[in-house]
Amino acid sequence: MATKKEFYNRLIALNDDFSFFSSDKKPATKEMVSEYAQQKDIKFNNDFIEFLTTYGAMILEVKENIWKRPELLETIPMWEFGYGFFVYGLSVDENFPEWLSYEDKYAETEFNGDLSIGQMFFKRSGNLYRAYINDNTITVETDKEGTDREEFKGNLYDFLIAEVDKLEMDYKEYLKK
């Protein structure tokens, strides 16, 4: 199982074509995580608690001057919408973007989905796929109807490292165009 340090090392191994944002200056507190979990009846394992109290939330993407963002109504291959990803979370920062919050993603799941799979914590840009956590189970959902789901084998850091690897591979493919 991967660790927070291995995830960090994977992030810093990326080149300067990538941009990284997190709430690490004002991440969630353990009390905030515990209170949120109780309110929503969700279980967060130690990796998630560690992530939330270290990073809060994060965005990783290829810089826009490198990976051009599609124009409105532009027709491109689906994978080309995947120039980055969002890891939703919690933060004590009063200016924390609401759309990056667990609360917002919980409401989205409640409206569109199935709360039994837990808290949405991840989305690949372009809404290519989403991931949810409940206790030790990470569920990846690849369709909007919630019928195509797969359990990820590994911990949060294994998942995030795999996603960084996928993003970097897609970035290299994009550069070949």
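Guide: Happy to. Helices here are DSSP runs of H or I with at least four residues, and strands are runs of E with at least two. By that count the protein chain has 5 helices and 7 strands. Bear in mind that this is a predicted model.

Visitor: In what order do the elements run from the N terminus on?

Guide: The order is α-β-α-α-β-β-α-β-β-β-β-α.

Visitor: How do you know how far to trust the prediction, going by pLDDT?

Guide: pLDDT is the predictor's own confidence, on a scale from 0 to 100. The protein chain averages 92, and 98% of the residues score at least 70. Among the elements, helix α1 (residues 4-12) has the highest mean, 98, while helix α4 (residues 102-112) has the lowest, 90.

Visitor: What makes the radius of gyration agree with a compact globule?

Guide: For 177 residues the globule rule gives a value near 16 Å, and the protein chain has 16 Å, so the two agree. Along its principal axes the C-alpha trace spans about 50 × 35 × 35 Å.

Visitor: Why is valine 140 called buried?

Guide: Buried means under 20% relative accessible area. Valine 140 has 15%, so it counts as buried. This valine lies in strand β6 (residues 137-141). Leaving out residues up to four places away in sequence, valine 140 touches Tyr129, Arg130, Ala131, Asp148, Arg149, Glu150, Phe152 and Phe159. Across the protein chain, 47% of the 177 residues count as buried.

Visitor: How do you know that the span of α5 agrees with its 21 residues?

Guide: At 1.5 Å a residue, α5 should span 30 Å, and its end C-alpha atoms are 31 Å apart, so the span agrees. Asparagine 155 caps the N-terminal end of α5, with a side-chain oxygen 3.0 Å from the backbone nitrogen of tyrosine 157. Buried residues in α5 include Leu160, Val164 and Leu167.

Visitor: Which residues touch the most other members of the largest nonpolar core?

Guide: Of its 51 residues, those are Phe7, Phe44, Phe51, Leu60, Tyr102 and Phe121. Helix α5 (residues 156-176) gives the most to this core, with 9 residues. Leucine 60 has contacts beyond four places in sequence, among them Leu11, Phe18, Phe85, Val164 and Leu167.

Visitor: What share of contacts between residues at least 6 apart in sequence join residues at least 24 apart?

Guide: In the protein chain, that share is 64%.

Definitions and conventions: Residues numbered from 1 in each chain as written. Predicted model: local features only at pLDDT ≥ 70, side-chain atom pairs only at ≥ 80, totals over all residues. Heavy atoms only, no water. Core = buried A, V, L, I, M, F, W, Y, C linked by side-chain atoms within 4.5 Å. Buried < 20%, exposed > 50% of the residue type's maximum accessible area, 1.4 Å probe, protein only. Contact = heavy atoms within 4.5 Å. Expected span 1.5 Å × (residues − 1). Polar contact = N/O pair within 3.5 Å; in protein donor to acceptor, adjacent residues only side chain to side chain. Rg over C-alpha atoms; globule rule 2.2 N^0.38 Å.
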